[in-house]
Amino acid sequence: MAADTAAGSAKTAPAAPRSRKSVTGTRRTVAALFLLPALVLLGALVVYPIGYSVIRSFYDQSGDSFAGFDNYQALFTDDGIRTALKNNILWVVFAPTVATALGLIFAVLTERVRWGTAFKLVVFMPMAISMLAAGIIFRLVYDQDPDKGVVNAVWVGVHDTFAQSSAFPKAHPGRESPLEPAGGGAFVTKDTVSAGDTVTLPLVGVPPDVMPDDAKPAAAPKPEDDRITGSTWQDFTRGKGVGALNQVDSSELGYAGMRIEAVKDGEVVETATAAADGTFSFSSKADGARLRLPAGNFEEPYNGLDWLGPSLVTPAVIGSYIWMWAGFAMVLIAAGLAGMPRELLEAARVDGANEWQVFRRVTVPLLAPVLAVVTVTLMINVLKVFDLVFIIAPGSSQDDANVLALELYRKGFSEDQPGVASAIAVFLLLLVIPVMWFNVRRLRREVRR
């Protein structure tokens, strides 16, 4: 009986487990094999260049001698690099802030209009343009010539609405003229005038095709007993030997709108404005005075601002960057607005808050995480800006618009200083790492929520 029980127990006892490979180890091996190509590319395209740049930054120009921290010392002693560093500070402070603020305004306002989608499309469209194309566009937009540059065309148009430009910027006395320079760009008659006199004030230097539109054929002055009459005109007729010097000819045009002053003892006693045919007259108060053409008649026309000059080139390039990236900020912020709980906004309005208070105390605080991500992303982007500055800033003011990425290019390729260029690259990496760390930390915190 005992033998039978032992035999039965032997039959039901479980078999010893077979040794087999760990499932977890197999999965890790497969994962490593899939990641291997990406790791190889990451090492070849990211890790190796960074490591080589760090090592190269400690060597001299030839790459044979160890230079220590000399290349890093140049970052704070070289005038070009210091200018680039100052400009980068301006970029980091203003470009992300303004682009994010505009994106927030566009995102909030487009929620309230029926054509908001079309507006968003227009604002976001510059993101589809490359930096190279945008640079070429804004090089033309900022052109100094108002006939080419859109910005100066608008600026000059507004200026001329309130302060009319002179129509005779190149006018000056010709040969044997009764006028002489009076200083400051003005001209005055050599002799005094008396009642009953006729005075001729011939000028040359204004091309016929730019004469005022309301100019008419010049007329010779007619004498009047109790007045001083005169004429001012373009004393020039096309063709050799045509027309008489200092005399009105039928083909010559009057200086319509020319301002004339009667000056006696250094004081202006009377003023007159030339008619369309150039004629003018003074009363007897001008008796004994000399007639003066003030400098205002000959001022150069206003051509706007030199947007690409040394003082404005950096703000101008920052403006082009904002034009491109405000749409990016708007799209991300609009996505944040779409996920915002609307009952909070309605509750604030029910409690009596106006739209500004709702925006400032409810909308902006709820969008703070999105605004932070957008701002930090743009900060990383502007630290690396190169294309716009290189293309928009002309050679004469490129030194004033210089940024670190552009200086890195110039040191490495134009000035053949690879050690300094590598030091600038490492410095840029050190500037970007804290911003990236802040961004990653914030994203992880959002994931945990």
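This is a predicted model: local features need pLDDT of at least 70, side-chain atom pairs count only at pLDDT 80 or more; totals for chains, interfaces and linings use all residues.
Student: Which hand does the crossing of H4 and H8 have, and how many residues of each class are in the contact?

Tutor: The crossing of H4 and H8 is right-handed. Their contact has 20 nonpolar residues, 4 polar ones and no charged ones.

Student: Why are H4 and H13 called roughly antiparallel?

Tutor: Their axes cross at roughly 155° and come within 8 Å. The label needs an angle over 145 degrees, so H4 and H13 are roughly antiparallel to each other. H4 supplies Gly-80, Ile-81, Ala-84, Leu-85 and Asn-88 to this contact, and H13 supplies Leu-404, Glu-407 and Lys-411. By class, the residues of the contact of H4 with H13 are 4 nonpolar, 2 polar and 2 charged.

Student: How do you know whether Asn-88 is buried or exposed?

Tutor: Asn-88 lies in helix H4, which covers residues 79–110. Its relative accessible area is 3%, and buried means under 20%, so Asn-88 is buried. Leaving out residues up to four places away in sequence, Asn-88 touches Val-382, Leu-383, Val-403 and Leu-404.

Student: What makes H13 and H14 roughly antiparallel?

Tutor: H13 (residues 404–414) and H14 (residues 418–448) pack at an angle of about 160°, and their axes are 7 Å apart. The cut-off is over 145 degrees, so H13 and H14 are roughly antiparallel to each other. H13 passes H14 in a left-handed crossing. From H13 the contact includes Leu-404, Glu-407 and Lys-411, and from H14 it includes Pro-418, Ile-424 and Leu-431. The residues of the contact of H13 with H14 comprise 11 nonpolar, 1 polar and 2 charged.

Student: Which residues of H13 are buried, and what covers them?

Tutor: Leu-404, Ala-405, Leu-406, Glu-407, Arg-410 and Lys-411 are buried in H13. The cover of these residues includes H4, helix H12 (387–392) and H14. After H13 comes Asp-416, with a positive phi near 55°.

Student: Why is Leu-312 called partly exposed?

Tutor: Leu-312 has a relative accessible area of 27%. Leu-312 lies in the loop between strand E8 (290–293) and helix H8 (313–338). Apart from residues up to four places away in sequence, Leu-312 touches Leu-305, Asp-306 and Trp-307. The C-alpha atoms of Leu-312 and Ser-53 are separated by 34 Å, the two residues being 259 apart along the chain.

Student: Where does UniProt place the feature "transmembrane region", and what is the helix content of residues 420–440?

Tutor: The unreviewed UniProt entry places the feature at residues 30–50, 89–109, 121–142, 321–341, 362–383 and 420–440. In the model, residues 420–440 are 100% helix and 0% strand, and the end C-alpha atoms lie 30 Å apart. Residues 321–341 are 86% helix and 0% strand, with their end C-alpha atoms 33 Å apart.

Terms used: Residues are numbered from 1 along each chain as its sequence is written. Side-chain values use heavy atoms; hydrogens and water are left out. UniProt positions are given in the numbering used here, feature names are shortened, and annotations may be inferred rather than shown by experiment. Helices (H or I, at least four residues) and strands (E, at least two) are DSSP runs, numbered from the N terminus. Buried means under 20% relative accessible area, exposed over 50%, partly exposed in between (1.4 Å probe, protein chains only). Contact means heavy atoms within 4.5 Å. Axes are lines fitted to C-alpha atoms, for helices over the stretch in contact, and angles run from 0 to 180 degrees between N-to-C directions. Angles under 35 degrees count as roughly parallel, over 145 as roughly antiparallel, 65 to 115 as roughly perpendicular and the rest as oblique. A crossing is left-handed if the near helix is turned anticlockwise from the far one by less than a right angle, and right-handed if clockwise. Ala, Val, Leu, Ile, Met, Phe, Trp, Tyr, Cys and Pro count as nonpolar, Asp, Glu, Lys and Arg as charged, and the others, Gly among them, as polar.
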